[in-house]
Amino acid sequence: MSTRRKKPNGALLPDRHQADDDDQAHRAAAASSITAPNYHEDLLHDLFEVVRSTDPDHAPALLDMIRNHASLDDVRAYLDRALARARATAADRDAVDQLEGLRRGIEVESEPPRFRPQIMDIRYLCGSAPFRVPAKPWTSVTDDDDLVSHLVSLYLIWDYPFFAFFDNRTFIKHMAMGLVESDFCSPFLVNALLANACYYSQYTEAYTVPGDVRTKGADFLAEAERHLQSHQFEKGGDIRLASLQAHLLLYERYSLSGHDDWGYTMLHRAIEMAESLGIVNKPNLHLSASQMSEDMIVSIKRTAWGLFQVDTVVHTNFLRPSRVSSVSVERIDRNDTALSDMWTPYPVSNLSRPSYLSLYFDEACKLSFIARDISWNLSRTDTSGMDPDQHKQDLYDQLCDWEGKLPDTFNPTGQPAPHLLLLRMRYHTLAINLCYDRYGVHPLLSESDERTPPDSKGFSAMDIAVSSARAIATLVQALRADYGLEHAHQFAMYAINLALFTLLDQDTFDILDRDFLTLTSAMSIIACRSQLGRSVFHLFKQSVRSRNQGHRVQQSEAVPPGIKELFQQDSQSKTPDRWDRYAEDLTRIDGETSYLDTFQEDRQSTATPGLHEMLEQYERLSVGKEEEWHDRRRREESAF
């Protein structure tokens with residue numbers, strides 16, 4: 001399978017003189033994949049497809065390019081434009097889908113995206129970076145403004161919209177001013193953001209050791225941690241809004257590296273800071289324009305409600321009760337046109353589309369209220385007085401009602417920005433978690449017809465969960481087709497993994513299920529990008545192999561070689577395969593026995609039995625265990 005980036009449909013203009021802006025970004029993006037294993041095979045395949053097309057102008061144009069010594073990426077750009085035009089005008093949609101399938105398929109990846117070796121490439125690419133900011137005085141890791149602008153742009157484009165827990169316009173304005181004492185920007189915040197942004201970059205400068213995903217952003221993280229020591233939260237201390245936001249950024253960063261329980265630690269410290277500021281879990285707080293600037297009012301609202309979203313996502317993901325019960329300030333106006341910025345998928349394409357950020361943020365906050373109540377129901381800490389099972393049915397009805405009222409502009413078929421697709425994925429993960437809590441399936445969503453009441457919707461918990469898993473597969477395909485998965489938000493990895501184990505949990509599990517193979521392919525691409533992803537993917541691989549259906553994969557002519565190797569029966573090969581190195585940094589849940597050593601001794605013993613066990617391991621590998629956070633907090637308070 002080719003690892004080169006896919007452009008959104010229509011992103012390439014039909015005539016060369018109209019495509020100058022796109023070509024500059026395309027050259028920088030395409031050049032990074034010329035060394036990919038299947039690049040030349042894909043190029044030859046597409047060359048044949050275009051020459052065979054009904055357009056008589058293609059063959060002479062390509063011949064002229066070859067005679068004039070055109071570069072490979074010039075030829076690649078021409079082929080992409082020709083194929084995009086063919087997709088847009090083809091009368092036979094099935095033929096177009098078949099062509100797209102040949103280009104994408106369901107192959108898997110086991111290598112991180114190829115990184116680019118020189119800073120000159122960063123400077124070339126950053127000519128089109130949407131956000132221009134200085135490196136100094138914010139970080140001592142680099143003094144290169146181009147690199148910092150590249151990384152800040154990556155974060156604000158691909159990560160920021162999902163939670164949006166600070167105001168991006170205010171942040172950029174104050175970062176450009178270079179005032180380190182600003183309430184909206186600090187060296188702590190900037191270095192934490194840059195450490196996260198490296199997750200989305202394939203450039204050498206994003207690594208401490210080029211190509212080693214474990215070292216992505218490590219230098220920026222080390223500097224952020226030095227600032228963290230001087231910003232340790234103390235009750236009654238002077239809390240800066242930028243410090244609270246930096247803690248949330250460190251939560252994101254630690255949850256990708258599996259850094260003990262530091263994910264929960266950063267999140268819970270941020271909640272405590274917000275409580276001290278009076279913006280969550282406190283009586284309503286009026287933000288007066290006569291007492292603070294408009295920048296401060298908007299930033300407080302974003303931080304408070306963004307924190308609420310982070311809290312509900314994390315705790316519901318792992319079937320634990322949310323800690324933020326209420327937000328004490330008003331939400332951002334959903335109709336605020338000032339926040340309806342255009343979104344551009346830098347550096348994939350220059351083609352912009354509406355972000356609908358205000359509308360999205362409001363809908364995400366609405367979903368967070370339902371998620372909060374779901375988390376309390378799943379952990380049986382709900383105090384509403386309603387029967388837990390009846391409450392569960394009510395929560396499912398609320399989810400369906402919320403999804404049914406989403407704006408038409410959020411429709412996945414309209415090629416919306418990625419955060420709009422992720423919002424629907426979040427809805428489906430909540431439906432799955434509601435069906436599969438740690439206490440088992442309850443009567444109102446029972447798999448048994450005899451236990452299903454007459455007024456129920458007539459679907460079992462398994463039906464609902466599997467339907468949501470398949471919906472996630474469809475959304476992932478849309479995300480991949482429009483933007484590729486090289487820049488997908490880390491929540492997509494959780495959603496894909498949850499959907500995979502939902503399908504895997506069926507008694508009728510079929511390893512050749514197209515949705516399952518589609519999700520597997522997507523997971524392999526995202527998993528390459530982080531230490532957490534590699535560990536989770538290794539657990540998934542072992543779980544599938546333990547289902548003993550590998551022989552069916554080997555016998556199928558429709559399954560590509562990478563899938564066959566991934567799911568081969570252990571009895572067929574006693575030597576480690578190319579995915580086994582994913583276990584190098586993986587430890588068993590008790591934290592004592594080396595996972596790799598145990599795997600070499602008994603390969604079957606390490607298989608993850610089911611969805612609940614997977615969630616426990618995913619939690620430990622990402623944010624840690626809440627029990628350990630509580631123990632650490634007690635130790636800190638006793639030493640105070």
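Predicted model: local features only at pLDDT ≥ 70, side-chain atom pairs only at ≥ 80, totals over all residues.

Residues are numbered from 1 along each chain as its sequence is written, and side-chain values use heavy atoms, with hydrogens and water left out.

Rings of Phe, Tyr and Trp (its six-membered ring) pair if their centres lie within 6.5 Å; planes under 30 degrees apart are stacked, over 60 edge-to-face, and the rest tilted. The count is 26 aromatic pairs. One of them joins Trp-158 and Tyr-483 edge-to-face, with centres 6.3 Å apart and 75° between the planes. This pair links distant parts of the chain, as Trp-158 is in helix α7 (residues 145–163) and Tyr-483 in helix α17 (residues 461–483), 325 residues apart. Helices here are DSSP runs (H or I, at least four residues), numbered from the N terminus.

Another edge-to-face pair is Tyr-199 with Tyr-200, at 5.0 Å centre to centre and 80° between the planes.

The table lists relative accessible areas; buried means under 20%, exposed over 50%, and partly exposed in between (1.4 Å probe, protein chains only).

| Residue | Relative accessible area |
|---|---|
| Trp-158 | 7%, buried |
| Tyr-483 | 1%, buried |
| Tyr-199 | 5%, buried |
| Tyr-200 | 1%, buried |

Phe-162, Phe-163, Phe-318, Phe-491, Tyr-494 and Tyr-618 make up one aromatic cluster.

A charge sits over a ring if NZ of Lys or CZ of Arg is within 6 Å of the ring centre and within 35 degrees of the ring normal. Arg-529 lies over the face of Tyr-199, 4.1 Å from the ring centre. The charged end of Arg-302 is over the ring of Phe-361, at 4.5 Å from its centre.

Conventions: Helix = DSSP H or I, 4+ residues; strand = E, 2+ residues; numbered from the N terminus.
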